[in-house]
Amino acid sequence: MADTKIIVNCETGEVTELELTAEEVAQREADAAAFAAAKAEEEAAKAEQAATKASVLARLGITEDEAKALLS
Amino acid sequence: MALNTYSLIATTTVGSGGQAAIDFTAISGSYTDLAIYFSARGVATSDFPAAGMRFNSSSTSYSSRYLLGSGSSATSGSGGSTYIRLGNADGSVQTGSTFASTFIYIPNYAGSTNKSVSVDMVSENNATAAYANLSAGLWSNTAAITSISLFIDGVNLAEHSTATLYGISKS
């Protein structure tokens, strides 16, 4: 069954349910793909940052809590 | 002191089975600003999915910047050009029956300048992760806003998601 959306006509108060058009379905799929790509990029950046942090702490020979104490 | 009056224009709640979007149409141009309260949750296997908004069925000329706090760290970023990013809503991975709470303010929506938007959205989750989003958006279009579409990126809005539209009059 095709996805539907709620249409609220603010002038008349009428509420209807309408099937998405082919154009809306295509836009929805494109949005989802773009969001997934952006999320993957964000996760990769976070992982890289965490790896850098761990590497620096290891080279300094201190724990994360000790680093926080130094910076407080 | 200027007095702002909120007038309820319309409210609707998603029923059983979910809906792809909530669209408010035929919005009168007789108010100064618009405000929306949007309680949002996504279905399917979504984990803090992005909620979005479009005007007048347009999917071009949007931009947005956001600050996102998780409780332990903060990040910032940009939304895409096809809709205004509202923030991270609750998804099916989050605690059952929890919803993200959103407030959207659209000043001068019926004017002939580009349309700015401010948004705050807070997700709810009875677990470690939850997010607070502050977003500023812009629709680079001078048309009066006559319709607004609210949705979650790629998945349906869950049952009981609710949107309420107010008109703000200033005197």
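Helices (H or I, at least four residues) and strands (E, at least two) are taken as DSSP runs and numbered from the N terminus. The model is predicted, so that local features require pLDDT of at least 70 and side-chain atom pairs count only at pLDDT 80 or more, whereas totals for chains, interfaces and linings use all residues. Residues are numbered from 1 along each chain as its sequence is written, chains are lettered from A and ligands numbered from 1 in the order in which they are written, and side-chain values use heavy atoms, with hydrogens and water left out.

Strands of both chains contribute to an open sheet of six strands with mixed pairing, in the order β2(A)-β1(A)-β2(B)-β11(B)-β4(B)-β7(B), where pairing requires that DSSP finds at least two bridges between two strands. Because β2 (15–19) of chain A and β7 (84–88) of chain B each have a single partner strand, they stand at the edges, and one side of each is left without a neighbour in the sheet. Strand β4 (residues 50–55) of chain B pairs with β7(B) in the antiparallel sense over four bridges, and B:A50 has B:N88 of β7(B) as its bridge partner.

Helix α1(A) comprises 39 residues and spans 57 Å from its first C-alpha to its last, close to the expected 57 Å at 1.5 Å a residue, the expectation being 1.5 Å times one less than the number of residues. Just after α1(A), A:G61 adopts a positive phi of about 75°.
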